[in-house]
Amino acid sequence: MKYKAIDQDDILVLQEIVGADFLIPKQELEEDYAHDELQTVHAWPDCLVQVKNKDQISQIMKYAYRMNIPVTVRGSGTGLVGGCVPIEGGILLDTSKMNRFVELDPINMTLRVEPGVLLMEIYEYVEKEGFFYAPDPGEKSATIGGNIATNAGGMRAMKYGVTRDWVRGLEVVLPNGELVSFGGKVVKNSSGYALKDLLIGSEGTLGIIVEATLKLIPLPKYSASMLIPFPNRIQAVSAVPKIITHHVLPTAVEFLEKESLRFSEEYLGKKIPHAQYDAYLLITYDGNTQSEIDYDIQRISELCVNTLGAIDVYLIDTDERKQSVWSARGAFLEAIKASTTQIDECDVVLPRSMISEYLDFTQQLSQSLQVRIPYFGHVGDGNLHIYFCKDDLEDQKWNELLTKGFEQMYQKAFELGGKVSGEHGIGYAKKSYLKEQVGPTQIQLMKGIKDTFDPTYILNPGKVIQ
Amino acid sequence: MNIITCIKQVPGSSKVDVDPKTGVLIRDGSNVKMNPYDLYALETAYLIKEKYADTIVKTITMGPASAKKVLEESLYMGSDEAYLLSDRAFAGADVLATSYSISQMIRKLHPYDLIICGKQTTDGDTAQVGPEIAEFLGIPHVAYVTKIEEVQEDGILVRTSMEDHEEQLKISFPCLITVDKGTLVPRLPSFHRKQRFTGYSIQTFSLKDLEDKDPSHYGLEGSPTQVEEIFPPNKKRDSISIKGDKKTITNSLFEILKEKKYI
């Protein structure tokens, strides 16, 4: 695609729309805006515009559409696949200042928010009113706009689903500047094609989310977790399906290993209780009465210790205890990053029954390539986060091993019925693997959709299928 | 070696509301937990037990029958025995009457070498109960212990953290320490231990079991502190805006923090 390069006239027009203080030209821009959290993809925009309302976005898009200027949307920049990196330059449209709570509707149990509201702000806002927004992606400083754009998942997905399940309606500015509303406050909707759901997870390539109506439920009053050590990974992972089918669905089932805990201990500078075992499950239950939770925990503890070979079951029931274990789990990504010089990650999702085999394969690959590959995962929903660590490898060798390793990792995942991404998206970094996974027919269908929404390909060019 | 650990059940959340009319704490009976500082007291005891095989850890608390829950928790964490001190006669006890009651109970659990308390509770926050128990028992005590350096034949070597310095002290048995967080990581309650304690009955002591049976020494009657009024804290927030260049802003901020004694 050929795009118009931004010149001084364009800058003046954009300044007119957002105000001079809210347009930052490339030369004055901090380097952070040229990459995302993982920093594997780098590209500079010609300018950053910080928008304050949907009207400004609409005006910007009308202009960009007319002038054929590429536009990439950015929230907090916490993505991991280069989704918010402006590959073709142009305008980087920052929605993080659009962070108003528009309406909490207690009757319909919905929350209308602007896209720049942070996930952690949503929790705080709704929980004090007794409501619950369940999606729980690890990165709490991500914006809701970014979460919707990637269909972010998180640890509670197995019980409560992913972001897509919690979005009732979207207001979107299309590439030509037109404002369109999809869905609404309704619980059911069987009216035509599910365009709202198509926009969720489209990674900023079809439209710009300018407002979202989220679904809420009453806040579960109680929750408790169990830290369950097993003699080895195979026993831990094989226990998961039995736990899930045994009783009520857990809220979250996480898999941890000694090595990841050690990284977290080093990174956080504090010890984690009972960190001496090789493999763990971290299982959470929530509910509305303490007795309900106590019952769930008792049943699963008995199952794990008496039948599934767990070494013990440790109870995590108070704020202090939750903090002592969950802070370690929450710090895994940062801890792994801090343990090496560079990382790249694989966010595959597999049928739960295939996880053990896949992790075996990963360990063998780590040995054969001589690359350190720590991992952790939401084993309850089959989503693994696997990190290749550069350590002291030279650049060329690292790139070689990474390409070779990733190729094999994805190939194996597809063989086992897995998908490229469970929750981080395709962005720029995983495009080739998506092509390989879905094949030409599906890519063609996706291209047809892209053509319909964005015929001139000005929105987030170079991403997902392009 | 015989260790007695003193623990308390406290509200599960620090966000306890006060009824603005009556001044009474609005307690959610089901939302309770072990005082977080007591977790460190227990961990200190368990680490000693792991090192010295013949150590027995007894855990005690004073409170209503429902406080047995934290005692059970201590058994699941590593205590060998647990005892509850509970009697209507103890209701309304202030720090002094509480300490006296507990010291009376500890006399019943004789012999002991070491008593370990958390440095304070998160509801009362006085940090006085531990030292007062020791005074009633007439034994030496050290507060704010951050580390047990060494357990010796006739006493322990401890490190204690005061505001502006640390001290290393040798204290002779029998003695009492209150412990601060230090570098300890409290262990979690274990399901195996829970199974092991199935059927274990926590013994309850009441006034009639104590040496001093005079009810006027306990509860509200035995408390020299009378609460005049409880009122919710003022949650109003003030903000000041400081304008000027970097230097002016920094200096003004420094002056304000200094004036308010934050630095």
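# Briefing: chains A and B

Strand S8 (residues 167–173) of chain A pairs with S10(A) in the antiparallel sense, over six bridges. The model that shows this pairing is predicted. It scores ipTM 0.84 and pTM 0.86. Chain B averages a pLDDT of 90, and 95% of its residues score at least 70.

**Strand S10 of chain A**

- The strand S10(A) spans residues 208–215. It is mostly covered, with eight of its eight residues buried.
- A:Arg112 has A:Thr213 as its bridge partner in S10(A).
- Strands of a sheet pair through backbone hydrogen bonds, either parallel or antiparallel.

**Domains of chain A**

- The domain assignment of chain A gives domain 1 (8–94), domain 2 (101–218), domain 3 (222–333) and domain 4 (340–415).
- The centres of domain 3 and domain 4 of chain A, taken over C-alpha atoms, are separated by 23 Å.
- Across this boundary, 17 residues of domain 3 of chain A are in contact with eleven residues of domain 4 of chain A.
- Which elements of chain A each supply at least two residues to the side of domain 3 that touches domain 4? They are helix H7 (233–246), strand S13 (252–257) and helix H8 (258–268) of chain A.
- H7(A) gives the largest share of that side, seven residues.
- By residue type, the side of domain 3 of chain A that touches domain 4 of chain A has twelve nonpolar, two polar and three charged residues.

**Chain B overall**

- Chain B has six helices and eleven strands.
- Its C-alpha atoms fill a box of roughly 70 × 45 × 40 Å along the principal axes.
- Of the 263 residues in chain B, 37% are buried.
- Among contacts in chain B with a separation of 6 or more, 68% join residues 24 or more positions apart.

**The sheet of chain B**

- Nine strands of chain B form an open sheet with mixed pairing. The order is S9-S8-S7-S10-S6-S1-S4-S5-S11.
- From one strand to the next, the twist averages 35°.
- Strand S7 (residues 141–151) and strand S8 (residues 155–161) of chain B pair in the antiparallel sense over five bridges. B:Val145 stands opposite B:Thr160 in S8(B).

**Strand S10 of chain B**

- Is S10(B) enclosed or open? Five of the five residues of S10(B) are buried, so the strand is largely enclosed by the rest of the structure.
- In a regular strand the side chains alternate between the two faces of the sheet.
- B:Cys175, B:Ile177 and B:Val179 point one way from S10(B), while B:Leu176 and B:Thr178 point the other way. All are buried.
- S6(B) and S10(B) run parallel and are joined by five bridges. B:Ile116 has B:Ile177 as its bridge partner in S10(B).
- S7(B) and S10(B) also pair in the parallel sense, over three bridges. Here B:Val142 stands opposite B:Ile177.

**Helices on the sheet of chain B**

- Helix H3 (residues 95–108) of chain B lies across strands S1 (2–6), S4 (56–62), S5 (81–85), S6 (114–118) and S11 of chain B. H3(B) runs at about 145° to S4(B).
- Helix H4 (residues 129–137) of chain B packs on the sheet and touches S6, S7 and S10 (175–179) of chain B. The direction of H4(B) makes about 85° with that of S7(B).

**Where chain B meets chain A**

- In the interface, 13 residues of chain B are in contact with 17 residues of chain A.
- Helix H1 (36–51) and helix H5 (191–196) of chain B are the elements that give two or more residues to the side of chain B that touches chain A.
- That side of chain B comprises seven nonpolar, four polar and two charged residues.

Notes
Residues numbered from 1 in each chain as written. Chains lettered and ligands numbered in written order. Predicted model: local features only at pLDDT ≥ 70, side-chain atom pairs only at ≥ 80, totals over all residues. pLDDT = per-residue confidence, 0-100. Pairing = 2+ DSSP bridges. Helix = DSSP H or I, 4+ residues; strand = E, 2+ residues; numbered from the N terminus. Axes fitted to C-alpha atoms, helices over the stretch in contact; angles between N-to-C directions. Contact = placed C-beta atoms within 7 Å. Nonpolar A, V, L, I, M, F, W, Y, C, P; charged D, E, K, R; others polar. Domains from an automatic or database assignment. Buried ≥ 20, exposed ≤ 12 C-beta atoms within 10 Å, placed from the backbone.
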